[in-house]
Amino acid sequence: MIVEKAPAKLLPIEIEVDSISFTYPSGIQALEDITIHVSSGERVALIGQNGAGKTTLVKHLNGLLKPVSGSVKVGSWDTHDHSVAQMATRVGYVFQNPDDQLFQRTVWDEMMFGPRNLRWSAERAASSVQASLEMVGLEHIKEMHPYDLTFSSRKLLALASVLAMDTQVVIIDEPTTGQDYRGVQQIGSILSELNKQGKTIIGVTHDIDFCAEQFERSILMAGGRVVLDGSTRQVLSQISVIDQAYVEAPQLMRLAEKLGWDFMPLTVEEFIHHLDG
Amino acid sequence: MISLQGVTYSYPGTSSPALRDLSLEIPRGQFCAVIGPNGAGKTTLAYILAGFIPHFYHGSLQGEVNVEGKNAATMPQRELLRLVGLILQNPFNQISGTKVTVQDEIAFGLENLGIPREEMVARVAAAMELVGVSELAERSPLGLSGGQMQRVAIASVLVMQPAILVLDEPTSQLDPVGSREVFQAVREMASSGQMTVIMIEHKVEWVAAFADRAIALVDGALLADGEPRHVLAIDTVWRAGVGQTRYTLAARRLQELGKWQDGKRLPVTLDEATLTFKAFQKRR
Ligand SMILES: Nc1ncnc2c1ncn2[C@@H]1O[C@H](COP(=O)(O)OP(=O)(O)OP(=O)(O)O)[C@@H](O)[C@H]1O
Ligand SMILES: Nc1ncnc2c1ncn2[C@@H]1O[C@H](COP(=O)(O)OP(=O)(O)O)[C@@H](O)[C@H]1O
Ligand SMILES: [Mg+2]
Ligand SMILES: [Mg+2]
């Protein structure tokens, strides 16, 4: 008999990345002496040029990759001592490429895969899956094959299947890739909703306008290292540093600079407020 | 040079067309951007230009598609493949998976063209340089970051020097500077008169800065066609779910607040926004 675990309560979980380095088996060093601390309930963006090490770093947070030196702790769990399956109860990771994540034959089976592995009761699994599909707006295509969906829908499905596992930490790698304007807005509001529930959100993104609007803290990476880590406004305001890292300031900050403002707005609302007093 | 006359297409087993009565002329050397929400038919248009429709996807195709003056449906597929280079929306699908190094992957398409070895090496090197992957030449194409792979996919098509280049969201995984560089490179290739470019994109700030023309597709039909800065400021285009720059959004917000001069054009680019909002500040 399978005894159902109590529904996961949102225990505060801190993430401690302590001077980790990582080299792929092919010999490419992707991370060099990275130390970051993420508190429970934070919304953090990882930004930086292609190949900076963002995906490699987030794959360490759920134990998919283990550091060559240094340690990663999620709550009291060191990823060296816990299986990926165990880590998956705390940290959900939405892959950059949905095709790396989706492998079931129907949307419904894809969604049920995680909850089944967590050994939830059929009822609890189904209700979590249903709610997550509704959150991304895919509840009407349960019987479809994931490969018949458009790229943007596969991306949303990959997100929903992570949401269904109701983890305290949600990591989302390039959430806005392939999304249109409304899709980007929708993902923004899903992230806000999760954050309101007290979850920790870590997003990797090249969409700097999205980053400015959605994340309170940003970490800029380059060449496997952390270059800047601070409030999003502070980080993105350092225009020359981020330019050197192949990132650009968001549109509204570039505009504010042209207008000769000291104030660097993150959102349209902030911009209008400053413009119009 | 591309021309579509009354093109309507439905995928097999579907009743509602993915493209509806589309007519378009794109002259040689033009950089034409295609914008529109997801599901609008952008990729379908790309597939038609590259001959994937009807050669690979069957379904029902009406109307006429001409590429460089020849009918695409009756042209031998080999010829069409050489004429039209398509960069796929998902770069992973562009990688052959059979090559050990990035440079061999990029050279893959050239191998069958009987091009002298020296020229091949030079073209591969130039393509790698253009998309910033020269340092990855000896790396495995399968052990790359998402953006690096997208760069390789772009290079593997550019190296073929097609007369018509179709790019389906080619910058979706590129860093901001890389995205701008791709727009710039495409701009230069079109301006040189060598290439006709159709680029599907959501990054409207760069569409406005670099493209000659933007066509907005919605529900498979042409909603607007014209100069990008003009198309991007049209209300129905915005309401159909096409992205806007934050500059335009800020102006729209002022409009909602009743603080925008009636009839004043909405700013789309940074330069326009600087002028417009400077004037706004002065007036206050
Ligand atoms: N499977 C792999 N095998 C070998 N090297 C890899 C592999 N995946 C990534 N790398 C290399 O590790 C470095 C960091 O890659 P990573 O995927 O973490 O970058 P990223 O910051 O996520 O980039 P992007 O913005 O393009 O997604 C790069 O040099 C990359 O080529
Ligand atoms: N292989 C396919 N089979 C059936 N319908 C498809 C297929 N590919 C796309 N469609 C449908 O055609 C329409 C246009 O899709 P697409 O061209 O991919 O749009 P876009 O690229 O603008 O997002 C959508 O309604 C989509 O669901
Ligand atoms: Mg990545
Ligand atoms: Mg598409």
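**Ligand 1 and its surroundings**

Ligand 1 is surrounded by 21 residues, and the closest are A:Lys54, A:Thr56, B:Arg139, B:Ser145 and B:Gln148. A residue counts as near a molecule if one of its heavy atoms lies within 4 Å of it. This is a predicted model, in which local features need pLDDT of at least 70 and side-chain atom pairs count only at pLDDT 80 or more, while totals for chains, interfaces and linings use all residues. Residues are numbered from 1 along each chain as its sequence is written, chains are lettered from A and ligands numbered from 1 in the order in which they are written, and side-chain values use heavy atoms, with hydrogens and water left out.

Where does ligand 1 lie? It lies between chains A and B. Some polar contacts come next, meaning pairs of N or O atoms within 3.5 Å. On chain A, a polar side-chain atom of A:Asn50 is 2.9 Å from an oxygen atom of ligand 1, and a backbone N or O atom of A:Ala52 is 3.2 Å from an oxygen atom of the ligand. On chain B, a backbone N or O atom of B:Gly143 lies 3.3 Å from a nitrogen atom of ligand 1.

Now ligand 2. The residues around it include B:Tyr11, B:Pro37, B:Thr43 and B:Tyr57. One of its oxygen atoms is 2.7 Å from a backbone N or O atom of B:Gly39. The side chain of B:Lys42 has an N or O atom 2.8 Å from an oxygen atom of ligand 2.

Next, the magnesium ions. Donors here are N, O and S atoms within 2.8 Å of the metal (3.2 Å for Na, K and Ca), and sites may look incomplete because water is not among the atoms. A:Thr55 sits in helix H1 (residues 54-61) of chain A, while A:Gln96 is in the loop between strand S6 (91-94) and helix H3 (107-117), 41 residues apart. Helices (H or I, at least four residues) and strands (E, at least two) are DSSP runs, numbered from the N terminus. Both A:Thr55 and A:Gln96 are buried, that is, under 20% relative accessible area with a 1.4 Å probe and protein chains only.

Ligand 4, also a magnesium ion, is coordinated by B:Thr43 (OG1) and B:Gln89 (OE1) at 2.0 to 2.5 Å. B:Thr43 is in helix H1 (residues 42-50) of chain B and B:Gln89 is in the loop between strand S6 (84-87) and helix H4 (102-111), so the pair ties together parts 46 residues apart in sequence.

Now the lysine. A:Lys155, in helix H5 of chain A, counts as buried at 4% relative accessibility. The backbone oxygen of A:Glu174 lies 3.0 Å from a polar side-chain atom of A:Lys155.

Last, the cores: sets of buried Ala, Val, Leu, Ile, Met, Phe, Trp, Tyr and Cys residues joined through side-chain atoms within 4.5 Å. The largest has 124 residues, and those with the most contacts inside it include A:Phe271, B:Phe31 and B:Ile35. Helix H5 (residues 151-163) of chain A gives the largest share, seven residues. Another core, of 33 residues, lies apart from it and has B:Val7 and B:Tyr47 among its members.

Definitions and conventions:
Buried means under 20% relative accessible area, exposed over 50%, partly exposed in between (1.4 Å probe, protein chains only). A polar contact is a pair of N or O atoms within 3.5 Å; within protein, one must be able to donate a hydrogen and the other to accept it, and residues adjacent in sequence count only if both atoms are side-chain atoms.
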